[in-house]
Amino acid sequence: MSRLVVVSNRVADLESGAQSGGLAVAVASMLEETGGLWFGWDGNIIEEETERTPNIVRHGRATVATIPLSRSEYETYYLGYSNKVLWPSFHYRLGLLDYESSFNEGYRRVNAMIADHLATMISPTDLVWIHDYHLIPLASELRKRGVKSRIGFFLHIPFPPPDVVVAVPEHAWLIETMFAYDVVGFQTSSDVTNFQRYVLEQADGVLKAGGQMSAFGRTIVVRSFPIGIDVDAVAKMAHTPEADASIRLLATRTLNRAQIIGVDRLDYTKGLPDRVRAFRRLLELYPENIKRVILMQIAPPTREEVAAYVEIREELEGLSGNINGEFGDFDWTPVRYIHRAIPRDILAALFRGSKAGLVTPLRDGMNLVAKEYIAAQDEDDPGVLILSRFAGAAEDLEEALIVNPYDMDDVATAMQRALKMPLQERVERHRALLGRARAHDVTHWREQFLKALANAQHRYAA
Ligand code: ADQ
């Protein structure tokens, strides 16, 4: 069997199990099962750009190799091109795009540096799986260094329509590098369509049978592979005696008020201010909820060195404070906002103890929180998932209450409907959603991708 080599910007700490990003959760569970090599940045920043050798640690069946970034690499590759250019624009937020040419230079340099290290660690029979927008050109750098293994790429964030992509500085170069892969995977069929349209319209490409595309003299497989979660692991965490105790305690502390929960990195793509505004609208349109409902928003900090993230935090805190000041009372705080990461088992218990899960991103590749909320529910008395039509998850999770996160009244009405929904309807919707979360779980995602990669025509074979 081929060895699996996974490359992602960050690697999770397999020892402590502390991982808050969706990608880290998915990759960690995969490597613990199959073994192999995981290569990425260790999260450290060194002041001088010196020669580095990867730090290699074995953890069970997995080997984890990490390197630090220099200050300038961090600022140009990570904060710059990845998070001030690709992240906003691929989430359709061109207004937040902030470009300097040094960003693209740093992005190229770091991908080349990673390829220098990795090329010596890869053998031709390895299956190499590269993840996400930080590392799009990595395969082309590896090919320049003679790597002939099968290499696949999975984009965890959306791929926008060509009209948006062409606004990305260096897009022509960037998209051409994607043709150095054997398989390019996206979260949803609309991401695939957007990519195909770009290649047809901007690169004179050709769409072929079996999801293949040709351009730049190369043919690659392009498909969607919707990512999922480990459903049983979340369900188990939500149903331990400790979880039961946490839920009872929560009910006592909140005087049995209905809780609506949101859990998201504090990112401007997640629609948090709009969500809080919609909660205010719920209280205005349906005042019977005053003193009866709580919005619990858990939003750990992320990328705080990018100005847009500081602004979104201030906006969210201002809005939550306003509602609490205006509607709250000595015995009721309408919005409870927690700005830190929470252990995954507590999160699962909180999901189970909440009447509704509010997942309303303005744009999201998939959104694993939606699937975790479903997995954590009591099958006999489940809560209701309210899901943005702009989350990749909405393509599959049809039985959720699908909303437009830009329309406060729409979201407020869905919250009211969720709070009032009869048991039978909740059970039926939940059963269907759980079936979907199971059918498209993390194992299915991984197996489908690796099967496509193993079966891809080996065009680089010596
Ligand atoms: P993210 O943008 O990080 O992921 P998401 O898919 O929701 O978004 O995953 C977040 C993960 O972090 C979930 O597993 C969640 O439980 C966890 N998490 C969030 N807040 C937490 C907290 N306070 N404490 C502990 N854990 C917390 C990116 C893309 C998504 C895509 C995933 C996977 O942006 O669209 O679904 O990758 O591909």
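Is Leu397 buried or exposed?

Tutor: Keep in mind that this is a predicted model. Leu397 is buried, because its relative accessible area is 0%, and the cut-off for calling a residue buried is under 20%. You'll find Leu397 in a loop, the one that runs between strand 15 (384–388) and strand 16 (401–403). So who sits around it? Leaving aside residues up to four places away in sequence, Leu397 touches Ala370, Lys371, Ile374, Leu385, Leu387, Ile402, Leu433 and Arg436. Now look at Ala432: along the chain Leu397 and Ala432 are 35 residues apart, yet 8.6 Å separates their C-alpha atoms.

Now step back a bit. Where the two meet, 26 residues of domain 1 contact 20 residues of domain 2. About 2,000 Å² is buried between domain 1 and domain 2, with carbon and sulfur atoms giving 61% of that area. On the domain 1 side, Trp87, His91 and Arg93 lose the most area to domain 2, together making up 23% of what that side buries. As for salt bridges between domain 1 and domain 2, the count is 0.

How values were computed:
Residues are numbered from 1 along each chain as its sequence is written. This is a predicted model: local features need pLDDT of at least 70, side-chain atom pairs count only at pLDDT 80 or more; totals for chains, interfaces and linings use all residues. Side-chain values use heavy atoms; hydrogens and water are left out. Helices (H or I, at least four residues) and strands (E, at least two) are DSSP runs, numbered from the N terminus. Buried means under 20% relative accessible area, exposed over 50%, partly exposed in between (1.4 Å probe, protein chains only). Contact means heavy atoms within 4.5 Å. Buried area is the accessible area (1.4 Å probe) that two parts lose on being put together, summed over both. A salt bridge is a side-chain nitrogen of Lys or Arg within 4 Å of a carboxyl oxygen of Asp or Glu.
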